[in-house]
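I set out to record what I looked up in this model, entry by entry. The entries cover charged pairs, aromatic rings and the sheet.

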Amino acid sequence: MEYSMKEMIHTLMKLNEIQWGGYAFYHEPLERKFTAEQKKEYICRANRCGKVEAEKLREEYAGYSVGEMAKALGFDVNTPDFPTGGGHVVFAQYVEPGEITIFRDCIEKAEILIKEEGLEHFLKRSVLKMF
């Protein structure tokens with residue numbers, strides 16, 4: 001059976017935080033080293049930590065754009081047209097200690113797909129327009 005992008009997104013939006021965490025654990029190389037109970041506990045702790053930190057950033061950087069916030073936090077944000085080096089193509093990458101690279105070509109292709117599939121209400125803003 002083949003699903004449209006819109007049908008897939010509607011299905012994925014029904015997943016709860018524990019289910020999303022399970023998906024993340026599934027791709028973790030050490031996934032089999034943890035019990036189901038341990039995974040659930042780690043997922044809950046990670047979600048709680050993320051929410052607390054996000055709220056702190058929202059309060060401290062209220063009124064900042066995402067790009068302004070990244071700069072204030074000491075990150076260099078680059079937006080080259082195309083990824084280099086081949087391999088797996090991603091929208092963006094982080095390189096320690098503080099470099100974020102967002103590839104314009106990948107974002108533009110995604111935005112075309114979003115428009116063609118009528119998904120604008122799921123993703124209201126362009127990532128590139130945030131920087």
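**Entry 1**

I began with R58, which counts as exposed at 53% relative accessibility; buried means under 20% relative accessible area, exposed over 50%, and partly exposed in between, with a 1.4 Å probe and protein chains only. I note that this is a predicted model, in which local features need pLDDT of at least 70, side-chain atom pairs count only at pLDDT 80 or more, and totals for chains, interfaces and linings use all residues. Residues are numbered from 1 along each chain as its sequence is written, and side-chain values use heavy atoms, with hydrogens and water left out.

I then looked up the partner of R58: its side chain meets that of E55 in a salt bridge of 3.2 Å, N to O. The term requires a side-chain nitrogen of Lys or Arg within 4 Å of a carboxyl oxygen of Asp or Glu. E55 and R58 both lie in helix 3, three residues apart, about one turn of the helix. Helices (H or I, at least four residues) and strands (E, at least two) are DSSP runs, numbered from the N terminus. E55 is partly exposed, with a relative accessible area of 33%.

How many salt bridges does the structure hold? I found six. I followed two others among them.

- E53 forms a salt bridge with K56, the closest N and O atoms being 3.2 Å apart. Both residues lie in helix 3, three residues apart, about one turn of the helix. E53 is partly exposed at 38%, and K56 is partly exposed at 46%.
- E41 and R45 meet through their side chains in a salt bridge of 2.8 Å, N to O. Both lie in helix 3 (residues 36-60), four residues apart, about one turn of the helix. E41 has a relative accessible area of 35% and is partly exposed; R45, at 48%, is partly exposed.

**Entry 1: Aromatic pairs**

I turned to the rings and recorded five aromatic pairs in the structure. A pair of aromatic rings is described by the distance of the centres and the angle of the planes. Rings of Phe, Tyr and Trp (its six-membered ring) pair if their centres lie within 6.5 Å; planes under 30 degrees apart count as stacked, over 60 as edge-to-face and the rest as tilted.

Why is the pair of F34 and Y42 edge-to-face? I found the ring centres 5.5 Å apart and the planes at 85 degrees, so the pair receives that label. F34 is partly exposed, with a relative accessible area of 26%, and Y42 is partly exposed at 37%.

I next examined F75 and Y94, an edge-to-face pair with 6.1 Å centre to centre and 65 degrees between the planes. F75 lies in the loop between helix 4 (66-72) and strand 1 (76-78), and Y94 in strand 2 (residues 92-95), so the pair ties together parts that are 19 residues apart in sequence. F75 has a relative accessible area of 25% and is partly exposed; Y94 is partly exposed at 46%.

I also noted one aromatic cluster, formed by F25, F34 and Y42.

I traced an open sheet of three strands in the order 1-3-2, with mixed pairing. Which strands are the edge strands? They are strand 1 and strand 2, each pairing on one side only. Two strands pair if DSSP finds at least two bridges between them. Neighbouring strands of this sheet are turned by 15 degrees against each other on average, direction ignored; the axes are lines fitted to C-alpha atoms, for helices over the stretch in contact, and angles run from 0 to 180 degrees between N-to-C directions.

Strand 2 and strand 3 (residues 99-102) run antiparallel and are joined by four bridges. A hairpin of three residues leads from strand 2 to strand 3. I recorded E99, in strand 3, as the bridge partner of V95.

**Entry 2: T101**

Is T101 buried or exposed? T101 is buried, with a relative accessible area of 6%.

The side chain of T101 makes a polar contact with the side chain of E99 at 3.5 Å. Such a contact is a pair of N or O atoms within 3.5 Å; within protein, one must be able to donate a hydrogen and the other to accept it, and residues adjacent in sequence count only if both atoms are side-chain atoms.

Leaving aside neighbours within four places in sequence, I listed N78, P80, F91, A92 and Q93 in contact with T101, contact meaning heavy atoms within 4.5 Å.
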